[in-house]
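Me: I am new to this structure and would like to go through a few of its details. Could you take my questions in turn?

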Amino acid sequence: NPYDIVSLGSGKIKKINLYYSDFPSGRNFDELNKKRINSFYQTYASISDSDIEWKIIKQTKCQTKSDAYQLFHGFEVILEFSGDFDLANVEVDTAFQDFVVEEVLKRNDWREMLIVSDFTGSMSPYIAQLFLWLKLNTIDDRIKQFVFFNDGNSQLDELKEVGKTGGIYQSKSKNYDEIEQVAIQCMLSGNGGDAAENDLEALINGMKLCPDCKENILIVDNKSPVRDYELLSKIKKPIRIIVCGSDGNINIEYLNIARLTGGSMHLIEKDLFDLIKINEGEEVTIGNVRYTIRNNRFQVIKKI
């Protein structure tokens with residue numbers, strides 16, 4: 001639940017325990033636990049404090065998948081509070097400044113939206129922004145369909161098949177609590193595994209669920225390759241892409257998805273409409289990179 005991270009903003013962390021299950025028995029979970037810790041670190045950098053006591057706890061009383069599901073999995077964070085809890089100060093305390101989801105949704109008056117969002121571990125701060133925006137806005141005439149994806153529900157990376165990776169969750173509800181429950185289910189069911197994500201599989205799924213949605217919004221992790229980029233030819237409507245975690249060097253796959261669908265790219269500081277109108281051979285600067293169009297696609301000329 002991304003809101004759990006909010007409560008960490010007003011207390012000093014004393015201990016962190018990571019709980020996981022030894023299921024399937026005998027499997028080496030070292031790399032998976034490293035990814036979990038790295039994902040947590042990206043969300044809440046203060047866990048690097050050398051005074052924090054860490055424990056990784058392997059739970060062994062699980063012979064079946066059903067047994068494992070009954071156990072707690074995740075981080076237990078033990079805090080020491082001083083003074084009154086003040087939710088308004090959380091953003092200052094966490095020093096997280098990339099409010100791209102919040103800013104893009106505030107400045108664009110989109111209606112009848114399909115929102116498709118990456119819900120893997122590295123996206124936690126942006127998920128929190130999305131749900132804060134939902135909580136503060138009347139969405140009855142703005143969002144018709146939600147689709148959240150976690151890239152496969154924790155299945156082994158080598159078993160992930162393009163177009164059939166799964167880990168896709170959907171909701172048409174207008175009730176905030178119901179939408180949040182679907183989101184939590186998505187996050188608890190998988191954390192992404194390898195770096196690539198099944199963005200287009202989830203997007204195609206969402207467009208089938210809501211063929212009459214007027215705006216198709218894809219919220220992505222700029223650092224994640226698109227697992228199923230080859231599915232792009234199946235998308236026949238403009239896609240508006242909100243790019244999270246951009247440092248001025250935008251993932252070129254997302255630029256090309258926006259251009260080739262006649263869509264747009266949205267950064268924290270500006271919106272890039274009409275990418276399809278950039279002519280073959282024309283040069284353009286986006287962020288810290290100079291691009292040209294060759295064979296109807298963006299290509300990097302140089303980083304500035």
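Me: Which backbone nitrogen lies 2.9 Å from a polar atom of the side chain of Asn251?
Reply: This is a predicted model, in which local features need pLDDT of at least 70, side-chain atom pairs count only at pLDDT 80 or more, and totals for chains, interfaces and linings use all residues. Residues are numbered from 1 along each chain as its sequence is written, and side-chain values use heavy atoms, with hydrogens and water left out. Asn251 sits in the loop between strand 8 and helix 8, and the backbone nitrogen at 2.9 Å from its side chain belongs to Glu253.

Me: Is Asn251 buried or exposed?
Reply: Buried means under 20% relative accessible area, exposed over 50%, and partly exposed in between (1.4 Å probe, protein chains only). Because its relative accessibility is 13%, Asn251 counts as buried.

Me: How many of the residues of helix 7 are buried?
Reply: Helix 7 covers residues 199–209 and is mostly covered. Among its buried residues are Leu200, Leu203 and Met207, and the buried count for the helix is 8 of 11.

Me: What angle lies between the planes of Phe146 and Phe148?
Reply: Rings of Phe, Tyr and Trp (its six-membered ring) pair if their centres lie within 6.5 Å, with planes under 30 degrees apart counted as stacked, over 60 as edge-to-face and the rest as tilted. Phe146 is buried because its relative accessible area is 1%, and Phe148 is buried with 0%. Their rings, 5.9 Å centre to centre, form a tilted pair, and the angle between the planes is 45 degrees.

How values were computed. Helix = DSSP H or I, 4+ residues; strand = E, 2+ residues; numbered from the N terminus. Polar contact = N/O pair within 3.5 Å; in protein donor to acceptor, adjacent residues only side chain to side chain.
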